[in-house]
Amino acid sequence: MADIAPRYLDAGETALVVEFGTTVDPQINDRVLALDAAFTALKLEGVRETVPTYRSLMIHYDPLVIDRAAVIAAVESLEATPVTSSAPKSHWLIPCCYAHEYAEDLTHIAEMTKLSEERVVELHTGARYRVYMYGFAPGFCYLGGVPKELIVSRRETPRPPHPTNVVLLGGGLTLITTFSMPTGWWLIGRSPERMFSLKRENNFFVGVGDTLQFVPVDAATFATLDARAEAGEVVSRKAAT
Amino acid sequence: MRAALRILSAGPGVTTQDRGRNGYLRFGASEAGPMDRLAHRLANRAVGSPMDSPALEVSNGGVEVAVEGAPASVALSGGAFNIALDGRPLPPACVVTLEPGMRLSVRAGATGSWCYVAPAGQIEVAPMLGSISTHTRTALGGIGGRPLMAGDVLPLSGARSGLGGPFEIVSPTLQRYDGGIRVILGPQDDFFAPDQIDAFLHGPWVVSGRSDRMAYQLEGPKLTHCKGFNIVSDGIAMGAIQVPGVGQPVVLMADRQPTGGYPKIATVIGVDLGRLAQMRPGDTLHFEKVSVAQAVEARRQEARLLTEPVVLTPLVRTELSSEFLLGLNLVDGVTAAEHPHS
């Protein structure tokens, strides 16, 4: 797997997709993140920004400053050298409230998985998730590493906009949202955390490739943390990795 | 007193736009920025501002603006909008100097979807994630991330009014390529058999009414996929053309999400994004396949034209009524150039 050369796909004349695979796979994602870190460190003039996803790295560039061949040559020079571990990743403990008023689909998830609601929460909080990518909206996190028992299909039809900062489950993923929007996933809980806030200097505190775990909090704790997060504080804790 | 732009009335879709956000796609934040970058840049250049300075983007809903506190020149460029200063018609690409009390109106015209109003001076609104570009879906940029409304006041720093005018903007960039919308195939063109690629290029496609700053939806022949229509999400460049299961293409524009999960058959080249953006619901188009090298060459040519001085032609004649012109018998001289005597 690690030896397969990436494919180079043009997304117009100003973006190049370096594709390592077509599936969701931690090893593929590792290669994406390693290339992202190494390529970014080159600080090539004309490279506008890079976007890591599950399986590919999109490189946005100005072709009047750096041409396609030079972008590919830079990627190939990095791929030819053994992958050194990328920037150290952090592990985050994210508070999440599973009380019914914040977890409207918990009962349904329990029915689908034939588990008790307590067991669903225990499994959801027991797992260590990897941040595969952001997408959809600022701070919207795609997390992989959902326990097998909690793999359920998504809704057949999307539901109307959900509240802000809810935690979703479905299709083998769990997700932390920021904005209110319609969704095809199930609402398993709500976090007081803001994965994106303009009130903080670090608008986004979790990096792609970081790991995180949910810590259950009761409704009263949720209310306290929610007020602090709203005021611009990060209420999650960074744990030893 | 400091100059400011006041919005007297605004249809939907009047926003502030600069170069767009940079560096936050990886966190899920959209780029935003102007729908027609060339027109945005030309307007800024015409008033001597850096090319990617903040400007108003006006949709076909139109806008009326005035200055307060001090005079300021503004440039307009974009589609063939109906521009008027205190009721006096002006060409779609022009420079005028607004004195307090004057009313500049920008209304939908014969063609086009977006018009830029660039003041001589800096629009002072607080950047969000490094940009004042408005992305209404995620409430970023401009004033509270929302479209501008009547009563909004945008402070201008370093406002200049020495340009005088009115002038018509004369620029070679206003003559655009008039063939099909040029695309580079990919990144997922391998999800389509060759006959489907041909059908895609040939169209013809009609711009749907369900089109906005996020995406232009196209209606035409139903395209089929040969490998399904779900992919594991990857990055989306501006101009990427997704083909979801229903087989009707969707061109992702300035307010697009940074990533997505449908196969992208092709990507509109940079210099044709503005041309596409200026189309309206009901307009038809087809695509033309070009290489990366051709797209880069077109881009280089546009960048070169944009560095040439913007010529401002004084609009003296528009102050004269047509009756007056007929009386002077100047019209023969004007029309002779357009209709040579046989």
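This is a predicted model: local features need pLDDT of at least 70, side-chain atom pairs count only at pLDDT 80 or more; totals for chains, interfaces and linings use all residues.
## Strand pairing

Two strands pair if DSSP finds at least two bridges between them.

## A strand in chain B

Strand S12 of chain B covers residues 181–185. Three bridges join S12(B) to strand S19 (residues 264–268) of chain B, and the two run antiparallel. In this pairing, B:Leu185 has B:Ala266 in S19(B) as its bridge partner. Three bridges also link S12(B) to strand S21 (residues 287–289) of chain B, this time in parallel. Here B:Arg182 stands opposite B:Glu288.

How many residues of S12(B) are buried? Five of the five are, so the strand is largely enclosed by the rest of the structure. In a regular strand the side chains alternate between the two faces of the sheet. S12(B) has both faces covered. B:Ile181, B:Val183 and B:Leu185 are buried on one side. B:Arg182 and B:Ile184 are buried on the other.

## Charges over rings in chain B

B:Arg182 also lies over the face of B:Tyr177, at 3.8 Å from the ring centre. Another ring in chain B has a lysine over it. The charged end of B:Lys227 sits over the ring of B:Phe191, 4.8 Å from its centre.

## The sheet in chain A

Chain A has an open sheet of four strands in the order S1-S2-S4-S3, with antiparallel pairing. Its edge strands are S1 (7–10) and S3, and each pairs on one side only. Neighbouring strands are turned by 20° against each other on average, direction ignored. S3(A) and S4(A) pair over five bridges, in the antiparallel sense. Within S4(A), A:His60 is the bridge partner of A:Glu49.

Two helices pack on this sheet. Helix H1 (residues 26–42) of chain A touches S2 (15–19), S3 and S4. The direction of H1 makes about 165° with that of S3(A). Helix H2 (residues 68–80) of chain A touches S1, S2 and S4. The direction of H2 makes about 155° with that of S1(A).

## Aromatic contacts

The whole structure holds 17 aromatic pairs over all chains. One of them joins A:Tyr54 and A:Tyr132. This pair is tilted, with 5.2 Å centre to centre and 55° between the planes. A:Tyr54 lies in the loop between S3 (47–52) and S4 (56–61), and A:Tyr132 in strand S6 (residues 129–134), so the pair ties together parts of chain A that are 78 residues apart in sequence.

Are these two tyrosines buried or exposed? A:Tyr54 is buried, at 4% relative accessible area. A:Tyr132 is buried too, at 5% relative accessibility. Both belong to one aromatic cluster, which also includes A:Phe136, A:Phe140, A:Tyr142 and A:Trp185.

Key. Residues are numbered from 1 along each chain as its sequence is written. Chains are lettered from A and ligands numbered from 1 in the order in which they are written. Side-chain values use heavy atoms; hydrogens and water are left out. Rings of Phe, Tyr and Trp (its six-membered ring) pair if their centres lie within 6.5 Å; planes under 30 degrees apart count as stacked, over 60 as edge-to-face and the rest as tilted. Buried means under 20% relative accessible area, exposed over 50%, partly exposed in between (1.4 Å probe, protein chains only). A charge sits over a ring if NZ of Lys or CZ of Arg is within 6 Å of the ring centre and within 35 degrees of the ring normal. Axes are lines fitted to C-alpha atoms, for helices over the stretch in contact, and angles run from 0 to 180 degrees between N-to-C directions. Contact means heavy atoms within 4.5 Å.
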